[in-house]
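Hello,

Here is the structure you asked to look at. Please open it first and then read the notes below.

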Amino acid sequence: MERRRARRRAAWRRRRLVLLLMSPWLVGFSVFFGYPLVMSAYLSLNHYDLLSSPRWVGLANYRYLFTVDPQTWTAVKNTLWLIGVLVPLQVLSAFGLALMLARARTGVGIFRTIFYLPALAPPVAATLGFVFILNPATGPVNTILSHLGINGPLWFQDPSWAKPSLVMLGIWGVGNTMIIFLAAVLDVPRTLYESAQLDGAGPLQRLRYVTIPSISPVLLFAAVLGVIQGLQYFTQAYVAAGVASGQASQAADVTSVSLGYPVDSTLFYPVLLYQHGFVDFQMGYASAMAMFLFAVSFVVTLAIVINSRRWVHSGAR
Amino acid sequence: MSTADVAVPFVRRRPPARVRRKRLLVSVANHSMLIAASIAFLAPFAFIAVTALMTNDQALSANLWPHPFAWHNFVDVFTKAPLWRWTFNTFEYASLATLGVVVSSVPVAYALARLRWRGRNLAFIVVLIALMLPPQVTVVPLYVAWAKFHPFGFNFIGTLWPVIIPNWFGDAFSIFLLRQFFLTIPEEYMDAARVDGCGEVRILLTVVSRLAKPAIAAVALFSFLYTFNDFFLPLLYSGESPHHWVLSIGLSEFRSLHQVQWNLTMAATLLVMAPVIVLFFLAQRAFVEGVTLTGVKG
């Protein structure tokens, strides 16, 4: 009897300890995550401009979003384009750089630092730098191209070149992924390469049958992370459009007119959400957009979490 | 396994000349590609730096090299824009947020990694989901809530507090990173402390936090970087009041604010990049270890 009570008291103390340690996250999760999710679902069924109280409109926001609003499709298409082009290119270039670094005999530290530095540059600063470097009239890139007799494109001023310019910016900042890949490549046991070599595998076959299968979880992880980041791509698009359009029109006010510049070619889904929610203050409509984004990213996230055992090592080794 | 680890005396034979020549060629090719890539990665920095030192007329011409060097650009940017104010706001946001992230995330990560309780795995999965979801998903109702919340008549919209405060309630990424590290600490350390009569809270404060110093340093570093670079949320809440802008917002509006020229814009860009790059060289090891820690092994 006495012992059971003591045990119960110990269990209660233990539970209290867990509760105490977890409390920041419990509060944080419910206030800054659970509440807004529920509220977002509610607001998405209302017309709400922040001034007058919400007015119930049922599914009208969703109907307008998916069937009427022409910008939705533009934004979805741009976002898919960015993810489809940027993510594979980032994985490929990071992998290529990591392979070259893993093979190098000297200067690894210097090269690694050089490839990593751009990833550190604040996104706003990096974007501003690229808009200047690629500025069509006097930018260094087009100046050099014209010395070579090439007529450079208009880059951020041209609807068909704006996204590729952003992709270049994205590849420049690939350093984080490269460091992770390099660690993974260096972690592949040497013995695997040696036995492959004994079996007569050439360098390409060793890459195909030893390196890639050994680090595939890391490659996959980077790709999925790239998709997640692609879904929230905002800063670079916002800054590039703002600065490039300000340059074209010399207008003082850049925010509202410039989103998506030029001709909606950089209007990504988060940019459109920003416009509806925080430029036009259509909170109900923006909530409907947020719910759709939630559904898409939840599916992607679930796919990762379900497969996470493959790359998240759990328990002490 | 143990026999393979024993160092066997092994005389390396000199490979034949043909093999040596091939290896040298491969190495030369590899290094030339590395050098080419390095030039491509460094060029944007070089263009920015060179333009930051040009006069305005030069920046608008096709010249690629400054003549004369306009060092005063770096002084002029401070008079053209309230750069000190933005810097102060940025460091205020970054340091308060970083402090909050560390203080609130360490205990949560410890409970997730080292204590056994029902629902622990579910709680960890919830952390992972929170880590992955875009901030845009929750931002609309949060903005509405901050806009409607006026304790003692204080208006949160137009300040940085709505961006700082959530950091004091655990950050998913930091919890994840710290948990991964806590898992690697051998149980024997904790057991030894327990035998000596240490409670779990004291174990966390003394044993674990001391052993986990590199991970805590990495979390603080990443949190500082994240907040220093943060743009979306500060723009949302303080976009309308320039007095509360952080550097990233100020920089994005720099060119349009006073019709400022490219040379000054690039000087400001360079100044905003500088703290991060200096920080990197001061704490290079913590960086690389931290990044590798996030890339978790299979």
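How far apart do the C-alpha centres of domain 1 of chain B and domain 2 of chain B lie? They lie 37 Å apart. Domain 1 of chain B covers 16–74, and domain 2 covers 82–257. Keep in mind throughout that this is a predicted model.

Next, the contact between the chains. On the side of chain B, 76 residues are in contact with chain A, and 82 residues of chain A take part. Helix H2 of chain B, residues 17–52, supplies the largest share of chain B's side, with 13 residues. By residue type, that side of chain B has 52 nonpolar, 20 polar and 4 charged residues.

Now the nonpolar cores. The largest one has 161 residues, and the residues with the most contacts inside this core are A:Phe181 and B:Leu178. Its largest share comes from helix H5 of chain B, residues 83–114, which gives 12 residues. Both domains of chain B take part in this core: domain 1 and domain 2 each give at least three residues. As for A:Phe181, if residues up to four places away in sequence are left out, this residue touches A:Ala94, A:Phe95, A:Ala98, A:Ile215 and A:Val218.

Then chain A as a whole. Its secondary structure consists of 14 helices and 2 strands. The C-alpha trace of chain A spans about 95 × 75 × 30 Å along its principal axes. The radius of gyration of chain A is 25 Å, whereas a compact globule of 317 residues would have one near 20 Å. Of the 317 residues in chain A, 42% are buried. If you take the contacts in chain A between residues at least 6 apart in sequence, 68% of them join residues at least 24 apart.

B:Arg255 is in helix H14 of chain B, which runs over residues 247–257. Is B:Arg255 buried or exposed? B:Arg255 counts as buried because 22 other C-beta atoms lie within 10 Å, and the cut-off for buried is 20 or more.

Regards

Conventions
Residues are numbered from 1 along each chain as its sequence is written. Chains are lettered from A and ligands numbered from 1 in the order in which they are written. This is a predicted model: local features need pLDDT of at least 70, side-chain atom pairs count only at pLDDT 80 or more; totals for chains, interfaces and linings use all residues. Two residues are in contact if their C-beta atoms, placed from the backbone, lie within 7 Å. Helices (H or I, at least four residues) and strands (E, at least two) are DSSP runs, numbered from the N terminus. Ala, Val, Leu, Ile, Met, Phe, Trp, Tyr, Cys and Pro count as nonpolar, Asp, Glu, Lys and Arg as charged, and the others, Gly among them, as polar. A residue is buried if 20 or more other C-beta atoms lie within 10 Å of its own, exposed if 12 or fewer, and partly exposed in between; C-beta atoms are placed from the backbone. Domain bounds come from an automatic or database domain assignment. The radius of gyration is taken over C-alpha atoms; the globule rule is 2.2 Å times the number of residues to the power 0.38. A nonpolar core is a set of buried Ala, Val, Leu, Ile, Met, Phe, Trp, Tyr and Cys residues joined through C-beta atoms within 7 Å.
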